[in-house]
Each structure stands twice: as structure tokens, then as C-alpha cells.
Amino acid sequence: MPDRAPHLLVLSGWAGVVESALELGFDVSFIGNTADFGPRDLDVLARCRHVRAIPAEQTVACLQAARLMHAEQPFHAAVSFGEFGLESAAVIADALGIKGLSLASVAATRYKDRMREILADHPRLALGWARVENAEGLAKFHARHGLPLIVKPVAGAGSVGVRQILSQAELQDVLNDADMWQQGGYLAEELIAGDELYSVETVTLGGRHAVAGISLCRLAGHPNLAITEISVPPPAPFDRHIQNISDTVVSFLDAIGHTWGLTHTEVKIASDGRPVIIESQTRIGGHRIFRMVEHATGVDEIATVLRSLLPGGEQVTSPHLPPTHAIGMVLSLIPPRKPILRAADPELLRDIKGVDDFEINVRPGEVPLPVADNAKRPGLIWLCVPDGAAAERTKEEIARTYWIEFEDGDVWHPSF
């Protein structure tokens, strides 16, 4: 009788992860919110052994459901590649004694004060910080460290709720923001200035860290922390930091005790040239950065870690700083915030050489969403191009092709 396929629990995310696991030969069960799944996604889930439509961030409910499924057919591993299932996946793996994310690395990256406590013992990775519960605590931090500084939710993500403070007036605004201080504790940190952010995607197998790709993320500029463009790999002259950034992230992953799985780590370069860890998560990067990494380097991060869970998976490896043979990019559309009369058909973008995919959410009669954080956008366009010159040609063609006409008669074309 043939061996039973290994039983994999996938928490949250999208049906593409489930489909990849099924194609690799796993018997898959799924826990997560399915409310936004389309017909094709639901067809993929229909191939699973179990599906439980429980929000993956409800850890106790997920653990209870996992125990019942595990009793029927034991799980081999529990994984999550999205934001909301990370804690539940780690808790379930630990409770059931199966493979998965470690509690240590998930805790260190989900709670920013815990991460800073760990890094305080590593001078190369340390940064001035304090947990502040109220305006008085922030005032004391400012008295010690001065300006500029940054305030962020302890367990937040996606730049939501993050406040940069560059002036005394901005400091006073935050100190006086009663609504903000009712939300709970914050982390105050020294601010690393600059509008360039580096994203580092890693694959860790058996305690060995491999940097799969590094991207340059351009920020909208103070006070808006939203990312406007991502490029894998960083173009010149920003590529000069790649080796130093890679070494810093590997040291960081060792410091937090990360032993298996993917990480997405954000880094900025301090005025003295030192790479500084801004934050990290034990998941893939947003804006489909993992797809851009695959375009640029050929490394499929998700498939690699899933293969490592199959029989003989201890032999699976991932290349460290693989050479790039293309450029993966994402461009953000940031139109004016005025009522829309009409817009070009986004499907026209499919005929432009270099456009890989797009998501554009602008409708007549609506006002485009504000681009204030990295959670929601009026539009995103993904590119896969052979080089920088091709990227510029594709951008120019997009700008000529796509337009929005507003009710006041203005016509807007994107610029990048």
C-alpha cells in the first residue's frame, strides 16, 4: 500500500498557496476567511480534505479546529504565508508538535517591542527605542533622543498608524491626539531619514538563511509613508548596499532565532552607512514582492519552503543572493482626489510589452482612495522587464495609454 501523502494545514492567505501545495503532492486542509474567494478559488478549496471558514487570527478557535482534524489524520506541518495566519500557524505547530514557524521568531517579529529588546543585545542591530503608553511617555522619549523620531503601533503592519515626527509642531500634534492614545501602546524609535526603503526576502531552511531577493521601495515622502514604487533588484546606485544589507539581515535572523520559513524584512540606510532593521515579518512581502523576486531571480519562495516539508525535504536548498536576469517592478497609481467622470479601460494595459498584471479600482462618480498607507491603493501595475531601459519604455507607454478624466474637466495621466 503506498504511503499516505503528507497532510499540510494552510492558514489564511489565498487559494494559490493551496493549489501549489496540492500540485506538490500534499493532502491539504485549510483554515481561514473565505468570504472574498471567487469561484475559481472555491474550486481549489473543494480539493482540500477539510476547509474551516474561521478567521485565521482567531488563534484559539483555529487551534481547536486543528486538533479535531489532526485527530482524524495527523498533520505533517502547519504553514501561513499571509499576515493574519502567522501567530495561529506557529501556535498550532508548537501545540501539535509538527513542523512550522517557530514561536520565537514569530513573537519577535509580530511584537515590535519584543524585537527591539532582542536587538538591544546586538550593538550592530540596535536602535534607540521605548514602549510608550501615553503622551507623557512619548515626551520623555523625545527628551532623551530628540528629533526626528517615529511612532508606530506595537503590533501593527502595512504602515497603518505610523507617524513620523520631524518638527516640534508635529510632536505637539501627536502629544495632543487623544484618539490616538486611546488605541493602546506604541513604539517610539529613532527615525532613520530618507525616502528609500529596502525590502529583503529570505528563505530559511534548517537554520541556513538565503536572501532570495532585495528590492528598492520608494516612499511618497514625509509625512506619507506609503510605498509608490518597488524594483527588484535595486537599480544603480542603490545596488551598492546589497551585500551590507544582506549581511545585516542574516545577523538579524540569527538574533531572533529564526530556523525555518520565509521572512520579509524592511531596512533603511543610516547616515553613517549602517543598514538598520526597520521591521520584519515571517511571511512573504506585500504587493506580490515574491512574484517580482521570481521574475528577477527565478526563485519561487513559497514552492521552495513547501518542498522542504516533503519526504526528503532536508535536501532542499535555496540560492543565496542569486543573480538577476530580469527586473520585477510594481508601480502605484496616485491620481488626484477629485470626482471621476470616466477613465481609460484598464484592459488596454495588457497590450503593453512588459506589463505583467494590474489591479485598478477607480470608478466614475467616485473619488480615488487616499494613498496614506500600504493597505489599499487606487491602482497597482506589475512589470516584468529585461532591464532598466525597458522599464522606462514601459512606464512611458503606460502613461500614454492610461488616463482619468475628472468631473471638473481635468485629464490625468500617471507619471512614475
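Predicted model: local features only at pLDDT ≥ 70, side-chain atom pairs only at ≥ 80, totals over all residues.
**Cores**

The largest nonpolar core is made up of 53 residues. Within this core, L8 and V18 have the most contacts. Setting aside neighbours within four places in sequence, the contacts of L8 include A21, F26, D27, V28 and S29. L8 is also in contact with F75, A77 and V79, and with L306 and L309.

Helix α7 spans residues 135-145, and its buried residues are G137, L138, F141 and H142. Viewed down the helix axis, these buried residues fall within an arc of 140 degrees, so they line one face of α7. The face turned away from the buried side carries E136, A143 and R144, which are exposed.

What do the buried residues of α7 pack against? Their partners include the strands β6 (129-132), β7 (149-153), β8 (163-165) and β9 (186-190). The helices α8 (168-175) and α9 (178-181) are also packed against by the buried residues of α7.

Just after α7, G146 has a positive phi of about 70 degrees. The peptide bond from L147 to P148 is cis, with omega near 0 degrees. P148 lies in the loop between α7 and β7.

**Other backbone features**

Most residues other than glycine have a negative phi, and most peptide bonds are trans. Several places in this model depart from that pattern. A second example of a cis bond joins A236 and P237, with omega of about 5 degrees. P237 is in the loop between β12 (224-232) and α10 (242-255).

S12, a residue other than glycine, has a positive phi near 60 degrees. S12 is located in the loop between β1 (7-11) and α1 (15-23), and at 12% relative accessibility it counts as buried. L321 is not a glycine either, and its phi is positive at about 45 degrees. The loop that holds L321 runs between α12 (301-307) and β15 (327-333). With a relative accessible area of 27%, L321 is partly exposed.

**Rings and charges**

The model has three aromatic pairs. One of them is formed by W14 and F290, whose ring centres are 5.7 Å apart; their planes are at 35 degrees, so the pair is tilted. Because W14 lies in the loop between β1 and α1 and F290 in helix α11 (residues 289-297), the pair ties together parts that are 276 residues apart in sequence. W14 is partly exposed, with a relative accessible area of 29%, while F290 is buried, with a relative accessible area of 9%.

W181 and Y186 form an edge-to-face pair, with 5.5 Å from centre to centre and 75 degrees between the planes. W181 counts as buried at 13% relative accessibility, and Y186 is buried with a relative accessible area of 7%.

| Charged residue | Ring | Distance from charged end to ring centre |
|---|---|---|
| R288 | W382 | 3.7 Å |
| K338 | F406 | 5.0 Å |

Conventions: Residues numbered from 1 in each chain as written. Heavy atoms only, no water. Core = buried A, V, L, I, M, F, W, Y, C linked by side-chain atoms within 4.5 Å. Buried < 20%, exposed > 50% of the residue type's maximum accessible area, 1.4 Å probe, protein only. Contact = heavy atoms within 4.5 Å. Helix = DSSP H or I, 4+ residues; strand = E, 2+ residues; numbered from the N terminus. Arc of directions from axis to C-beta. Phe/Tyr/Trp six-rings, centres within 6.5 Å; stacked < 30°, edge-to-face > 60°. Lys NZ or Arg CZ within 6 Å of the ring centre and 35° of its normal.
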